[in-house]
Amino acid sequence: MSGVQASGFHHIPVLFNESIDSLCIKPSGVYVDCTAGGGGHSSAIASKLNGGRLIAIDRDPQAIGVLNERLSSFGCVTVVHDNFFNIKNILASLGIDSVDGILADLGVSSHQLDEASRGFSFHKDAPLDMRMSLEGMSAAQAVNMLSQAELQKIIFEYGEEKFAPSISRAIVSARREKPIVTTFELAEIIKSAVPAAARRDGHPARKTFQAIRIYINGELDGLDRAVDDMFDCLKEGGRLSIITFHSLEDRIVKQEFASFAKGCTCPKNFPVCVCGNKPRAKLLKAVAPGADEVSDNIRSRSARLRTAEKITV
């Protein structure tokens, strides 16, 4: 379990009741938790099944050890160590053609943020890592190896950070003196690169840390295709529910959902439809956390839950 015990793997599920309710779980149904993490959503889904099945997926090897322990009492659960972007292959390998519901809680987990050694948080000094899968390029490698132009593009596009030019220049300047290896080192470099007024508008490193995390984990690379694949895996009447945490991923999910619900594309002046396109989904109203949840868990403040129900074409 990579040194992490189940009791120490803490995650605060956002929009917990709303997301479970959105799936309209049938006891005999087949469901997928694409980002099972600490097992909160998975446990709730599994507890509602009687004759059904749950596939709990996560790319984090530490999460897999925890899931195997926490979900061991549920005979209906299969834990899979993989990226949900591969959902079609995962289900095919398990002999599953289609499912009744899919849940994906995007972004970084509370455990990954709170476990200092993972290097996700600018609030705790640790090796600069940020890898969800513990494989591939680390955040330290990214900030020390990428060009100034590449860093600026990543910080601007994935962090929506207007000070990306000055921050990327500061990073390159600092690494000439010595490699940037810890979260606090990077946070201080970022802080020095933004105007004093900007430092009062939340932590100045937040957007840059988000951008680097998204980049090294490929969180948005192919997300649109992954949303399409998840929807394709649904039975008629099945539901896909996705929780997003920032505008970039929410925009992708919203656009894909809109495409599922889009019907005729003929020009308005056509007397009859000739395109034959029909809506494939009914969209439920997007849900945001209430004031009480935001007060209890500040990380939930930007979350959105979107649900699409597959309908008969």
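**Ground rules.** I number residues from 1 along each chain as its sequence is written, and I take side-chain values from heavy atoms, without hydrogens or water. In this predicted model, local features need pLDDT of at least 70 and side-chain atom pairs count only at pLDDT 80 or more, while totals for chains, interfaces and linings use all residues.

**Entry 1: H7 and H8.** I took helices as DSSP runs (H or I, at least four residues), numbered from the N terminus. I looked up H7 (residues 148–159) against H8 (residues 164–177): their axes come within 8 Å and cross at roughly 140 degrees. Axes here are lines fitted to C-alpha atoms over the stretch in contact, and angles run from 0 to 180 degrees between N-to-C directions. That makes H7 oblique to H8. Oblique is what remains after under 35 degrees (roughly parallel), over 145 (roughly antiparallel) and 65 to 115 (roughly perpendicular). I noted a right-handed crossing of H7 past H8; right-handed has the near helix turned clockwise from the far one by less than a right angle.

I then listed the contact (heavy atoms within 4.5 Å). From H7, Gln148, Leu151, Gln152, Ile155 and Phe156 meet a set in H8 that includes Ala164, Ile167, Ile171 and Arg175. The contact of H7 with H8 divides into 8 nonpolar, 3 polar and 2 charged residues. Nonpolar covers Ala, Val, Leu, Ile, Met, Phe, Trp, Tyr, Cys and Pro; charged covers Asp, Glu, Lys and Arg; the others, Gly among them, are polar.

**Entry 2: H9 and H11.** H9 (residues 183–193) packs on H11 (residues 206–217) at about 125 degrees, with axes 10 Å apart. H9 and H11 are therefore oblique to each other. I found Thr183, Leu186, Ala187 and Ile190 of H9 touching Thr208, Phe209 and Ile212 of H11.

**Entry 3: H12 and H13.** I read an angle of about 40 degrees between H12 (residues 223–232) and H13 (residues 247–261), with axes 9 Å apart. H12 passes H13 in a right-handed crossing. Among the residues that meet are Val227 and Phe231 in H12, and Ile252 and Phe257 in H13. The contact of H12 with H13 has 7 nonpolar, no polar and 4 charged residues.

**Entry 4: second largest pocket.** I noted a volume of about 200 Å³. The lining includes Glu161, Phe163, Asp201, His203 and Arg206. By class, the lining has 4 nonpolar, 1 polar and 5 charged residues. A pocket is an open set of points on a 1 Å grid over the protein atoms alone, where a 1.4 Å probe fits, with protein on both sides within 12 Å along at least five of seven lines; lining residues have an atom within 4 Å of a point. Volume is the space filled by probe spheres set on the points, which are joined across faces, edges and corners.

Methods: Helices (H or I, at least four residues) and strands (E, at least two) are DSSP runs, numbered from the N terminus.
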